[in-house]
Amino acid sequence: MSRMCTGFGWDVDGDLLAIITLNSSYITLWDANTGKRTQVDTGLRDPMSCVKWSKTGSVLAVGTTRGNLAIYNHSTAK
């Protein structure tokens, strides 16, 4: 099922694209080098509204419309 993209962002190296979609608690990570797509469950119940990679490392922050925040470290997959 396709969902409308509500936000996206490239990691610092330009290798990973993080995509958030409407009415989903999952972040889609697309690896530009391999073409592999991974789904990460944030556990957030509110609609995600923003996504931002750290300027160093592989840490991703996702915020919701109600002010909640999820942090994901791609290196550790946690």
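In the predicted model, Asp46 is buried but takes part in no salt bridge, and Arg66, the nearest side chain of opposite charge, lies 4.0 Å away. The side chain of Asp46 instead forms a polar contact of 2.4 Å with the side chain of Asn68. Asp46 is located in the loop that connects strand E4 (37-41) and E5. Residues up to four places away in sequence being left aside, Asp46 touches Thr64, Thr65, Arg66 and Asn68.

Strand E5 also belongs to an open, three-stranded sheet, in which the strands follow the order E5-E6-E7 and pair in antiparallel fashion. The edges are formed by strand E5 (48-53) and strand E7 (69-73), each of which pairs on one side only. Averaged over the sheet and with direction ignored, neighbouring strands are turned by 20° against each other. Strand E6 (residues 59-64) is joined to E7 by five bridges, and these two strands run antiparallel. Within this part of the model, Gly63 is positioned opposite Leu69 of E7.

Val12 is placed in the loop between strand E1 (5-10) and strand E2 (16-21). Because its relative accessibility is 47%, Val12 is classed as partly exposed. With residues up to four places away in sequence not counted, the contacts of Val12 are with Ser54, Lys55 and Gly57.

Key. Residues numbered from 1 in each chain as written. Predicted model: local features only at pLDDT ≥ 70, side-chain atom pairs only at ≥ 80, totals over all residues. Heavy atoms only, no water. Pairing = 2+ DSSP bridges. Helix = DSSP H or I, 4+ residues; strand = E, 2+ residues; numbered from the N terminus. Axes fitted to C-alpha atoms, helices over the stretch in contact; angles between N-to-C directions. Buried < 20%, exposed > 50% of the residue type's maximum accessible area, 1.4 Å probe, protein only. Lys, Arg positive; Asp, Glu negative; His and termini not counted. Polar contact = N/O pair within 3.5 Å; in protein donor to acceptor, adjacent residues only side chain to side chain. Contact = heavy atoms within 4.5 Å.
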